Amino acid sequence: MLAETICSAVSAAGLGIAAVTAYRKRFLTATRIAAYSLVPVGLVLTGVVKWVSDIAFKPSVWLGFGLLGIAWLLFMITRAVERRGGGSRKERRAAARAARGEAVEPAASAPSLGAGSSPQATRARGKQGEQSAPAGSGEDFSDIEAILKKHGI
């Protein structure tokens with residue numbers, strides 16, 4: 001009841017200000033002020049003010065908002081952990097299985113030895129990686145150059 005009275009008073013004051021503004025030949029501003037001043041009465045007549053006041057003064061509603069906030073926080077924490085950890089448990093297990101069975105270099109004729117490989121084989125693999133890296137990066141730059149030329153840069 002008090003909220004409806006306050007909204008009515010605010011609307012009446014706004015309409016009064018709009019009338020004074022229109023008297024001063026500022027019709028566009030007066031129309032805008034009148035529109036703003038009719039909003040509180042419209043909210044009272046539609047029942048929004050009563051709904052908001054019912055929500056604001058019930059502790060159970062605030063408890064519900066608190067629980068929704070906690071649920072949202074838990075969702076965000078799990079998403080952050082999932083992104084940082086590399087996915088779900090099943091995805092990590094599948095990645096570990098694939099890593100165990102996969103050679104270090106897919107083009108190698110023999111499967112790579114694990115941690116006990118000889119230093120000569122490690123050096124040979126390192127030299128092969130060094131030789132193949134510049135060729136791959138050169139292709140990347142040629143693609144970029146072609147795109148830039150296409151756009152006239």
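Here are a few friendly notes on this predicted model, point by point.

1. Ground rules. Residues are numbered from 1 along each chain as its sequence is written, and side-chain values use heavy atoms, with hydrogens and water left out. As this is a predicted model, local features need pLDDT of at least 70 and side-chain atom pairs count only at pLDDT 80 or more, while totals for chains, interfaces and linings use all residues.

2. The overall fold. The chain has 6 helices and 0 strands, and along the sequence its pattern reads α-α-α-α-α-α. Helices (H or I, at least four residues) and strands (E, at least two) are DSSP runs, numbered from the N terminus.

3. Burial and surface. Of the 153 residues in the chain, 8% count as buried. Buried means under 20% relative accessible area, exposed over 50%, and partly exposed in between (1.4 Å probe, protein chains only). The accessible surface of the chain comes to about 12,900 Å², and 66% of that belongs to carbon and sulfur atoms. These areas come from the Shrake-Rupley method with a 1.4 Å probe; for residues, only the protein chains shown count as cover.

4. Contacts along the chain. Among contacts between residues at least 6 apart in sequence, 32% join residues at least 24 apart. Contact means heavy atoms within 4.5 Å.

5. Helix H1. This helix covers residues 2-23, which makes 22 residues, and spans 32 Å from its first C-alpha to its last, close to the 32 Å expected at 1.5 Å a residue. The expected span is 1.5 Å times one less than the number of residues. Which residues of H1 are buried? They are Cys-7, Ser-11, Gly-14, Ala-18 and Thr-21. These residues cover an arc of only 80 degrees around the axis, which puts them on the same side of H1. The arc is that of the directions from the helix axis to the C-beta atoms. As background, an α-helix has 3.6 residues a turn, so residues three or four places apart point the same way. The face of H1 turned away from the buried side carries the exposed residues Leu-2 and Tyr-23.

6. What covers H1. The cover over the buried residues of H1 includes helix H2 (27-46) and helix H3 (48-56). Leaving aside neighbours within four places in sequence, Ser-11 is in contact with Ser-37, Leu-38, Pro-40 and Val-41.

7. Two pairs to find on screen. Gly-16 is also in H1 and counts as partly exposed at 33% relative accessibility. From C-alpha to C-alpha, Gly-16 and Ser-37 are 9.4 Å apart in space and 21 residues apart in sequence. Arg-32 sits in H2 and is partly exposed, with a relative accessible area of 46%. Arg-32 and Ala-18 are 14 residues apart in sequence, with 8.1 Å between their C-alpha atoms.

8. A backbone detail to check. Lys-25 lies in the loop between H1 and H2. Lys-25 has a positive phi of about 70 degrees although it is not a glycine. For context, most residues other than glycine have a negative phi. At 64% relative accessibility, Lys-25 counts as exposed.

9. A nonpolar surface patch. Leu-63, Leu-67, Ile-70, Trp-72, Leu-73, Leu-74, Phe-75, Met-76, Ile-77 and Val-81 form a nonpolar patch on the surface, with about 1,100 Å² of accessible area together. Patches are made of residues with over 30% relative accessible area and no salt bridge; like charges are joined within 9 Å, and nonpolar side chains (Val, Leu, Ile, Met, Phe, Trp, Tyr) within 5 Å. A salt bridge is a side-chain nitrogen of Lys or Arg within 4 Å of a carboxyl oxygen of Asp or Glu. Ile-77 is found in helix H4 (residues 59-85) and counts as partly exposed at 44% relative accessibility.
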